[in-house]
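Visitor: I have a structure to look at and some questions about where its residues sit. Can we go through them one by one?

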Amino acid sequence: MIDQLINKIKATQNPTVVGLDPTYAMIPTFIKEEMLETYGKTPKAVAEMFLQFNKAIIDEVHDLIPSVKPQIAMYEQYGLEGLRAYIETIAYAKAKGLVVIGDVKRGDIASTAAAYAGHIAGVEIEGVHMDLWQEDAVTLNPYMGFDGIEPFIKACNDYHRGLFILVKTSNPSGKELQDLLVDGVPLYDKTADLVSEWGELAMGTMGYSEIGAVVGATYKEQGIELRKRMPHTFFLVPGYGAQGGKAEDLKDYFDKDGNGIIVNSSRGIIAAYQKDKEVTEKEFAIAAKKAVLAMRDDLQGVMR
Ligand SMILES: O=c1ccn([C@@H]2O[C@H](COP(=O)(O)O)[C@@H](O)[C@H]2O)c(=O)[nH]1
């Protein structure tokens, strides 16, 4: 995954990942009306709304970005139909050549982690291997330690997939645990050291590991320190845009070659039409494209 991601970032000259986090409130009225008319007030109607919305945005931006990050929570709240929309969104994005990061934030004991790792390892039924989810990478919560991560690392090596493990998250309350001092060292630094160590077990060929870290855009000082501490760890950086993170804060998150991070924006891109006075509701995907181009230019301005 990591080599493919780096090559895609180079090809597009854009380290932007579009977060596919649709909500009911975000769906344009004309799509809502059509789906409610066809499927009634059902989870299937919402799943179809999400799919139509996502596909239109992917069609508009796929050649400008390396990657998308669907957030599973937005889909799974609608049950089986929601999960179908999640899986079909992934398949559609992959068919357009995008690297797909499933934001699933899993973490459990080894036996359960082995089942969760099916997201990237697929499943085997009577000797037949099936890749049901198809994410290229998933996000993980490291709170339960190595045995909860190990099955995913095996999947990375067996199937060229990747991980992004929470190290320093973008949200305000993350510091309640992550900034606690352990032997005088913040817990996020201890986590960073573990993630770097685990990363050695699945190195790509371009200097970065398949095992990346989630480092929020909203904690600039910590992000810069983590870049130095984790030279072979690729960062997935959420918090840009809607959460207040800015490109200028990310200058030193990049490595000396202008590589090493991918920056997520979800609401700021896919709901851009709700704030863009130059577009109609029907042009929601064009507004998303404009937001992608603005974010690309913004990030290019600080890449070395
Ligand atoms: O530290 C983290 C880890 C994950 N996220 C996820 O990223 C997106 C952010 O959405 P925006 O609309 O761009 O704020 C969302 O899926 C979060 O669950 C994060 O924000 N921070």
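Visitor: Where is the place of tyrosine 143?
Guide: This is a predicted model. Strand S6 covers 137–140 and helix H8 covers 150–159. Tyrosine 143 has its place in the loop between S6 and H8.

Visitor: Does tyrosine 143 count as buried or exposed?
Guide: The cut-off for exposed is over 50% relative accessible area. Tyrosine 143 has 67% relative accessibility, so the residue counts as exposed.

Visitor: Which residues form a nonpolar patch on the surface, and what is their accessible area together?
Guide: Tyr143 belongs to this patch, along with Ile109, Met144, Leu177 and Leu180. Together, the accessible area of these residues is about 530 Å².

Visitor: How many aromatic pairs does the structure hold?
Guide: A pair of aromatic rings is described by the distance of the centres and the angle of the planes. The number of aromatic pairs in the structure is nine.

Visitor: What kind of aromatic pair do phenylalanine 50 and tyrosine 78 form?
Guide: The ring centres of phenylalanine 50 and tyrosine 78 are 5.7 Å apart, and there are 85 degrees between the planes. Planes over 60 degrees apart count as edge-to-face. The pair of phenylalanine 50 and tyrosine 78 is therefore edge-to-face.

Visitor: How many residues apart are phenylalanine 50 and tyrosine 78?
Guide: Phenylalanine 50 is in helix H3, residues 43–61. Tyrosine 78 is in the loop between helix H4 (72–76) and helix H5 (79–95). The pair links distant parts of the chain, and its members are 28 residues apart.

Visitor: What kind of aromatic pair do phenylalanine 146 and tryptophan 198 form?
Guide: Phenylalanine 146 lies in the loop between S6 and H8, and tryptophan 198 lies in helix H10, 52 residues apart. Their ring centres are 5.9 Å apart, with 40 degrees between the planes. This pair is tilted.

Visitor: Over which ring does the charged end of lysine 168 sit?
Guide: The charged end of lysine 168 is 4.0 Å from the centre of the ring. The ring belongs to tyrosine 219.

Visitor: Is glutamate 48 buried or exposed?
Guide: Glutamate 48 is found in helix H3. Leaving out residues up to four places away in sequence, glutamate 48 touches Met35, Tyr39 and Arg84. Its relative accessibility is 16%, so glutamate 48 counts as buried.

Visitor: What do the buried residues of H11 pack against?
Guide: The buried residues in H11 include Gln222, Ile224 and Leu226. They pack against strand S7, H10, strand S10, S11 and strand S12.

Visitor: Which residues is methionine 230 in contact with, leaving aside its neighbours within four places in sequence?
Guide: Methionine 230 lies in the loop between helix H11 and strand S11. At 1% relative accessibility, this residue counts as buried. Its contacts are Val167, Ala192, Val195, Ser196, Ala213 and Phe235.

Technical notes: Residues are numbered from 1 along each chain as its sequence is written. This is a predicted model: local features need pLDDT of at least 70, side-chain atom pairs count only at pLDDT 80 or more; totals for chains, interfaces and linings use all residues. Side-chain values use heavy atoms; hydrogens and water are left out. Helices (H or I, at least four residues) and strands (E, at least two) are DSSP runs, numbered from the N terminus. Buried means under 20% relative accessible area, exposed over 50%, partly exposed in between (1.4 Å probe, protein chains only). Contact means heavy atoms within 4.5 Å. Patches are made of residues with over 30% relative accessible area and no salt bridge: like charges are joined within 9 Å, nonpolar side chains (Val, Leu, Ile, Met, Phe, Trp, Tyr) within 5 Å. Accessible areas come from the Shrake-Rupley method with a 1.4 Å probe; for residues, only the protein chains shown count as cover. A salt bridge is a side-chain nitrogen of Lys or Arg within 4 Å of a carboxyl oxygen of Asp or Glu. Rings of Phe, Tyr and Trp (its six-membered ring) pair if their centres lie within 6.5 Å; planes under 30 degrees apart count as stacked, over 60 as edge-to-face and the rest as tilted. A charge sits over a ring if NZ of Lys or CZ of Arg is within 6 Å of the ring centre and within 35 degrees of the ring normal.
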